[in-house]
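Me: I would like a close look at one part of this model. Please keep it brisk and tie the details together.

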Amino acid sequence: MSILLRNIIRFVLLLLLQVFVLNKILLHQSVSFNIYMLFVLLLPFNLPRPALMLLALLMGLTHDMFMDTMGMHAAACVFIAYLRPFIINILSPQGGFETTQKTPSMTSMGVSQFLIYASILVFLHNLIFFSLEVFNVGSFLYLLLKIVFSTAASIFLIVLYELLFFSRK
């Protein structure tokens, strides 16, 4: 399957899963299950930053349309799309990731590198999104708990996705 077709299918399926299943699940008002940003995380390594940011904007705005959140998801997605190349460069070995795969995954990056990569970007996404959502420093502890718990829940779903859809070497 071509990379373009795979990413179009991933865009649609992650968005539908997020909107119709995961957004309906809310644990104690402090845990949100977000997996839609995985689309941005799994785009090809060599995608130029403007294209990456445009695709992230498209994903965020589409999710915002369903959730009526006025661009908050779009802002968070574009933020992580902007930082993604920096994170990949920091985590990559001296010669880059030498694999036959052209997208970030547990098999192409290694389990520990992928978990660090995903954790950093998911945490930053949740930091931006929930800061815009709460927009109040008076409830700092609530904001911090929501960011940490939602990041942990999202990382769990991302690892589950990786284990289900990517083959090991």
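Is F86 buried, exposed or partly exposed, and what is its relative accessible area?

Reply: F86 is partly exposed, at a relative accessible area of 38%. Bear in mind that this is a predicted model.

Start with the ring partner. The structure holds six aromatic pairs. In one of them, the ring centres of Y82 and F86 are 5.8 Å apart and the planes meet at 70°, so the pair is edge-to-face, since over 60 degrees counts as such. Both residues belong to helix α4 (residues 72-91). They are four residues apart there, about one helical turn. An α-helix has 3.6 residues a turn, so residues three or four places apart point the same way. Y82 is partly exposed too, with a relative accessible area of 38%.

R49 lies over the face of F86, 4.5 Å from the ring centre. R49 also lies over the face of Y82, at 4.9 Å from that ring centre.

The buried residues of α3 are L52, A56, M59, G60, T62, H63 and D64. They pack against α1 (3-20), α2 (38-41) and α4. After α3 comes D68, with a positive phi near 55°.

An unreviewed UniProt entry annotates residues 37-58, 70-91, 111-132 and 139-161 as "transmembrane region". Over residues 37-58 the chain is 64% helix and 0% strand. The end C-alpha atoms of that stretch are 11 Å apart. Residues 139-161 are 96% helix and 0% strand, with end C-alpha atoms 33 Å apart.

Y161 and F165 sit 4.9 Å apart, centre to centre, with 45° between the planes. That pair is tilted. Y161 and F165 both lie in helix α7 (residues 140-165), four residues apart, about one turn of the helix. Y161 has 14% relative accessibility, so it counts as buried, the limit being under 20%. F165 is exposed, with a relative accessible area of 60%.

Back to the part you asked about. F86 is partly exposed, pairs edge-to-face with Y82, and has R49 over its ring face.

Key:
Residues are numbered from 1 along each chain as its sequence is written. This is a predicted model: local features need pLDDT of at least 70, side-chain atom pairs count only at pLDDT 80 or more; totals for chains, interfaces and linings use all residues. Side-chain values use heavy atoms; hydrogens and water are left out. UniProt positions are given in the numbering used here, feature names are shortened, and annotations may be inferred rather than shown by experiment. Helices (H or I, at least four residues) and strands (E, at least two) are DSSP runs, numbered from the N terminus. Rings of Phe, Tyr and Trp (its six-membered ring) pair if their centres lie within 6.5 Å; planes under 30 degrees apart count as stacked, over 60 as edge-to-face and the rest as tilted. Buried means under 20% relative accessible area, exposed over 50%, partly exposed in between (1.4 Å probe, protein chains only). A charge sits over a ring if NZ of Lys or CZ of Arg is within 6 Å of the ring centre and within 35 degrees of the ring normal. Contact means heavy atoms within 4.5 Å.
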